[in-house]
Amino acid sequence: MIKIDKQIIDEKSVQKLLALNNDKVNRVIEEFVGRCKPAKITVITDTKEDMEYVRSGAVEKGEEKSLKMQGHTIHFDGYSDQARDKDRTCVLLEPGEKITKAINTIERKAGLEEIYGVMDGCMKGKELLISFFCLGPKDSPFSLLALQLTDSYYVTHSEIILYRPGYEQFKKMKDKESFFYFVHSAGELDARGNSKNVDKRRIYVDLKEERVLTINNQYAGNSVGLKKLALRLAIHKAYKEDWLAEHMFVMGIHPQGKNRVTYFTGAFPSACGKTSTAMVPGQTVVGDDIAYIKVMKGGIPRAVNVEQGIFGIIQDVNPDDDPVIYQSLTTPREVIFSNVLNKDGKAYWLAMGQDLPKDGENYIGQWKEGAKGPDGKEVPAAHKNARYTIRINELDNSDENADAPEGVPVEGIIYGGRDSDTSPPVVEARDWKHGVFMGATLESETTTATLGKAGVRTHDPMANLDFIVIPFGSYIKKHMDFEKQMKNPPKIFRTNYFLKENGKFLNEKLDKKVWLLWVEGRVHGDYEAIATPIGLIPKYDDLRDLFQETFGREYSKEDYEKQFTLRCANFIQRIDRVESVFKQEPDVPENFLKQFDRQREFLNKAIQDFGKETISPFELAPCK
Ligand code: SPV
Ligand code: MN
């Protein structure tokens with residue numbers, strides 16, 4: 001029985017909860033109804049009717065507006081709620097517990113007291129929506145169930161697009177206590193319907209109870225429980241249970257004429273080409289953001305997409321650079337656009353391949369060219385982090401195994417960094433341990449497009465730094481030890497699409513297709529490689545053929561030489577830089593730390609042998 005005042009919940013919703021027969025679900029709802037004090041409660045199940053209730057509610061309540069194209073809506077987040085709020089995201093820890101320095105923490109008891117205070121009565125006069133989701137495919141060894149409580153229709157609508165429905169899964173669950181839960185409130189709203197009390201924004205991750213409490217925000221990275229909030233809980237759970245929860249895409253690579261598909265996962269820090277890699281024409285996408293990886297029967301690592309949709313950056317989606325997504329966003333289907341420009345019921349965004357209107361409605365309200373935000377800064381037509389929310393099965397390139405309960409076999413892993421002067425476009429790790437090193441030393445470089453100094457390198461191990469809520473050394477050890485579970489560990493590669501010479505990129509945007517085909521071929525032993533101190537690089541002849549077959553384009557020896565020249569001194573600087581970060585973290589495993597010395601030794605020896613710091617790939621010998 002659920003103890004809730006019948007004035008605020010209708011009989012239909014009560015029956016839906018009764019059918020679950022889950023005491024913990026009832027306890028959680030009772031507790032947070034008591035704290036948040038909503039005026040009305042509605043339970044959302046997996047039915048079409050309930051989903052339609054959410055869709056139409058989002059528009060009726062004004063959280064979304066319908067655009068002209070059928071199924072398209074637009075949502076705005078507040079001016080200071082346009083991205084994940086790292087400063088106000090905290091992990092609750094018991095006294096004495098420690099995690100990496102990069103993550104904010106607060107003592108659990110004090111943190112709970114504080115957030116319960118902020119939550120007190122936060123849903124007065126509002127409707128609480130209760131919904132159920134499944135992280136990973138349904139009826140799968142990967143499935144994790146999640147309960148969401150929120151006063152936002154936009155949050156629930158995003159979730160019914162991005163996640164698999166879970167109400168029927170909850171009915172079937174065996175261990176009825178084992179689920180994540182998320183409580184969200186947008187808090188008090190301003191005249192535009194945006195969270196008003198930014199100073200009281202809190203995103204508190206409670207590992208002990210496997211829950212996240214989040215308030216006074218709307219941007220999906222802060223509010224949608226199942227996305228980055230659940231990733232944090234999953235990293236913690238995976239650590240205890242011997243699997244991996246990663247900030248990775250999952251994609252199938254289909255080499256022409258070879259009649260096979262090879263699945264890869266890939267981790268790239270923000271703005272390093274992750275979604276565009278997963279969307280490379282001719283390949284198939286399983287997921288673009290979060291993967292669970294488990295070693296299954298026969299020692300084979302398999303991966304699933306935790307989500308079923310994409311919450312993607314819309315800037316630069318245009319017919320040339322991202323034809324698949326562009327087509328999907330400009331035809332009738334269910335899409336939520338967020339923080340783009342709305343002019344006469346049509347969505348516009350930056351670098352969409354056409355001129356933008358000079359006025360319209362955007363995230364500051366009525367906008368016209370030159371308009372300034374509350375902080376006096378000029379506001380672009382659409383936010384740089386404006387996004388679209390869409391289902392993957394709406395895309396022509398969705399993979400046929402995207403929902404397979406057993407996931408897809410992982411044969412390769414790609415770590416993609418961004419630097420203008422160090423890594424070649426693609427390099428293969430010598431072995432699993434070297435690959436873990438490559439992932440753990442990922443760096444991204446700021447660009448002139450973001451505020452602050454360009455070219456500043458930030459360290460982002462496995463592109464997962466913001467979410468590593470366990471001690472950092474433990475996370476690295478887990479990756480190193482994962483090898484022992486597998487029969488044939490996947491090959492690991494590192495890419496860099498951003499090498500420059502005299503301020504100009506050394507590669508075309510779509511060259512990544514060739515790197516993908518090369519890494520796929522390496523998994524199957526189709527190409528030889530060249531052993532270098534930093535790993536294995538492609539031979540010129542193979543790339544020349546691949547460029548010809550793929551784009552009908554000549555690939556010159558000069559281009560190859562510039563792109564794949566070994567820049568030893570720059571590599572040594574990176575190793576020193578990243579090593580100093582790891583040295584500040586406790587319990588980083590010895591076999592990992594050794595890699596720094598090993599790498600440095602290889603590079604110093606090459607400098608000595610060749611008598612110079614930059615070495616042409618033509619001077620190095622091929623190997624298997
Ligand atoms: C990212 O920033 O990595 C995203 C978007 O995928 S967010 O939902 O903000 O995490
Ligand atoms: Mn992401």
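The following legends describe close-up views of the two ligand sites in a predicted model.

**View 1. The shell of residues around ligand 1.** Ligand 1 is surrounded by Arg-84, Tyr-219, Gly-221, Lys-227, Lys-228, His-247, Ser-270, Asp-289, Phe-311 and Arg-387. By residue class, this shell around ligand 1 comprises five charged, three polar and two nonpolar members.

**View 2. Polar side-chain atoms beside the oxygen atoms of ligand 1.** An N or O atom in the side chain of Tyr-219 lies 2.7 Å from an oxygen atom of ligand 1, while for the side chain of His-247 the corresponding separation from an oxygen atom of ligand 1 is 3.1 Å. Asp-289 places a polar side-chain atom 3.2 Å from an oxygen atom of the ligand. Ligand 1 taken alone would expose 280 Å², of which the protein buries 92%.

**View 3. Protein donors of the manganese ion (ligand 2).** Lys-228 through NZ, His-247 through NE2 and Asp-289 through OD are the protein donors of the manganese ion, at 2.1 to 2.4 Å from it. Along the sequence these donor residues follow the spacing K-x18-H-x41-D.

Terms used:
Residues are numbered from 1 along each chain as its sequence is written. Chains are lettered from A and ligands numbered from 1 in the order in which they are written. This is a predicted model: local features need pLDDT of at least 70, side-chain atom pairs count only at pLDDT 80 or more; totals for chains, interfaces and linings use all residues. Side-chain values use heavy atoms; hydrogens and water are left out. A residue is near a molecule or strand if one of its heavy atoms lies within 4 Å of it. A polar contact is a pair of N or O atoms within 3.5 Å; within protein, one must be able to donate a hydrogen and the other to accept it, and residues adjacent in sequence count only if both atoms are side-chain atoms. Accessible areas come from the Shrake-Rupley method with a 1.4 Å probe; for residues, only the protein chains shown count as cover. Ala, Val, Leu, Ile, Met, Phe, Trp, Tyr, Cys and Pro count as nonpolar, Asp, Glu, Lys and Arg as charged, and the others, Gly among them, as polar. Donors are N, O and S atoms within 2.8 Å of the metal (3.2 Å for Na, K and Ca); water is not among the atoms, so sites may look incomplete.
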